[in-house]
Structure formats: structure tokens, C-alpha cells
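Here are my notes on the model you sent.

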Amino acid sequence: GAVVSQHPSWVICKSGTSVKIECRSLDFQATTMFWYRQFPKQSLMLMATSNEGSKATYEQGVEKDKFLINHASLTLSTLTVTSAHPEDSSFYICSARGTGGAYQPQHFGDGTRLSIL
Amino acid sequence: AQTVTQSQPEMSVQEAETVTLSCTYDTSESDYYLFWYKQPPSRQMILVIRQEAYKQQNATENRFSVNFQKAAKSFSLKISDSQLGDAAMYFCASQGAQKLVFGQGTRLTINP
């Protein structure tokens, strides 16, 4: 149980385009979803937290107009990288937490490798 | 605020031996959970073990166990009978009421 599907797993696109990444909880309802960014050989850094039906809460230093997050249902959150540039190239990972409260483990998707040319 | 520190960037162990990965943390929250996650080359994040801070008993999951020293804010992971499949990055993490904070990670190599 507790499977999170993230799509696409790898995307390459030209500078200036927008890219959408989907994160789905397949067998549970995710009241809260999280988006992380991971640079090579580094740890995961939280970008934003989203609750279903609410606006996302962004961490300090994360541009909310650059990284648009939508959490329209209890099973789907999307991250859109708008007008992407090479410096946005990174590994993006989503996670989802069910209804058991703030201290329940987060279940992670397999990540998306984003390469901007 | 929460911080998590892993002071060992890399560790190696012989197959079938035991290895301990270190982690210290700091938090101002009274309620929190601690986790160890494994990230193999596929980059999938896999939950290895978790510890509720209010529990004194150390968590155990098969070959994986923790040594939780609350007063010292220490949370080490012991892997017994190391297997080749244990090779990965290991991240220690602290979960407060708001978010999960990760340490820098320890790369574990298993020597056959």
C-alpha cells in the first residue's frame, strides 16, 4: 500500500518552455503533498507544502510564480515549472501523506529528472 | 526550527558485517518523529525505519535497528549482516508538526 506515482520520470525541454510534473497517490487519500528538489550528491530540500483545496505554502527562497503548485484533489498534485531555464535543471521529488496526522510517514514518488537545454 | 546532521559523508562495510550510521538532530518541538530513508541509485526514497520521540524503546526492523538517545539528540542506524542491496545513500530525517527535514546523507558502500 501507500504508492505514489510521479510522472514523467525524465523530461528534456528547451529553455523558456513550461513543464508540468504530476504526483498521484494511487491507493490512499493524500491530504498533504510535498515537493522537494535534489541537486546531484545533495540532500532533499523542501520547496513547498500543499494541502488539498488550499494554496501551497512555499519555503523561503522558492519563487511561487516560477513553481506553480496545484492540489485540486485528494489524489493529485501538480508542479509546473514556468519559463524554465537551465538553472532549473534538477531532480524533483514529490511525497504524499495520508489522513493520519502530521507525524505519519511521507510516501515518495520516484522523482522526475528535469533537464533544460 | 529543526536541523539534522550526518557527519559521515561516506561509509563502507564488508558484506555480512555490521555498520552504524550516525545522525544528530536539533529541534524545538516537543513532539517529533525520526526516520531513516534509503535512496539507491534509482533515486527512489525508501523508508527504512522510524522512531517516535516519545518512545524510549529503540525501533527495529529486521536487520535494521536504531540507537535513539533523546537527551543527546542522537539517532544512529545499525545495519546488521550487511547485504549488497543495502548499498545506497542513507538520509536521516526529523519530522515536526510542519515538515520533514533531512540530513546531508551518508553514502554506504558494501564490499563483497
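**Notes on the predicted model**

1. Start with the overall dimensions of chain B. A compact globule of 112 residues would have a radius of gyration near 13 Å, and chain B agrees because its value is 13 Å. Along the principal axes, the C-alpha atoms of chain B fill a box of roughly 45 × 25 × 20 Å.

2. Next, the fold of chain B. DSSP runs give 12 strands and zero helices. The pattern along the sequence is accordingly β-β-β-β-β-β-β-β-β-β-β-β. Of the 112 residues in chain B, 49% are buried. Take the contacts in chain B between residues at least 6 apart in sequence: 54% of them join residues at least 24 apart.

3. Now the interface. How much area do chain A and chain B bury between them? The figure is about 1700 Å², with 54% of it on carbon and sulfur atoms. Chain A puts 19 residues into the contact, and chain B puts in 22 residues.

4. Specific interactions across the interface are worth a look. Six residue pairs are in polar contact between chain A and chain B, counting pairs with both residues at pLDDT 80 or more. There is one salt bridge between the two chains. It pairs Glu59(A) with Lys99(B), and the closest N and O atoms are 2.5 Å apart.

5. Which strands of chain A each supply at least two residues to the side that touches chain B? They are strand 4 (32–38), strand 5 (44–51) and strand 9 (90–97). By class, that side of chain A has 11 nonpolar residues, five polar and three charged.

6. Check the backbone at Pro8(A). The peptide bond joining His7(A) and Pro8(A) is cis, with omega about 0°. Pro8(A) sits in the loop between strand 1 (4–7) and strand 2 (10–13) of chain A.

7. Ser83(A) also deserves a check. Its phi is near 45°, a positive value in a residue other than glycine. Ser83(A) is in the loop that runs between strand 8 (76–81) and strand 9 of chain A. Its relative accessibility is 34%, so Ser83(A) counts as partly exposed.

8. Asn62(B) is not glycine, yet its phi is positive, near 55°. Asn62(B) lies in the loop between strand 7 (60–61) and strand 8 (64–69) of chain B. Is Asn62(B) buried or exposed? It is exposed, because its relative accessible area is 75% and the cut-off for exposed is over 50%.

Conventions. Residues are numbered from 1 along each chain as its sequence is written. Chains are lettered from A and ligands numbered from 1 in the order in which they are written. This is a predicted model: local features need pLDDT of at least 70, side-chain atom pairs count only at pLDDT 80 or more; totals for chains, interfaces and linings use all residues. Side-chain values use heavy atoms; hydrogens and water are left out. Contact means heavy atoms within 4.5 Å. Buried area is the accessible area (1.4 Å probe) that two parts lose on being put together, summed over both. A salt bridge is a side-chain nitrogen of Lys or Arg within 4 Å of a carboxyl oxygen of Asp or Glu. A polar contact is a pair of N or O atoms within 3.5 Å; within protein, one must be able to donate a hydrogen and the other to accept it, and residues adjacent in sequence count only if both atoms are side-chain atoms. Helices (H or I, at least four residues) and strands (E, at least two) are DSSP runs, numbered from the N terminus. Ala, Val, Leu, Ile, Met, Phe, Trp, Tyr, Cys and Pro count as nonpolar, Asp, Glu, Lys and Arg as charged, and the others, Gly among them, as polar. The radius of gyration is taken over C-alpha atoms; the globule rule is 2.2 Å times the number of residues to the power 0.38. Buried means under 20% relative accessible area, exposed over 50%, partly exposed in between (1.4 Å probe, protein chains only).
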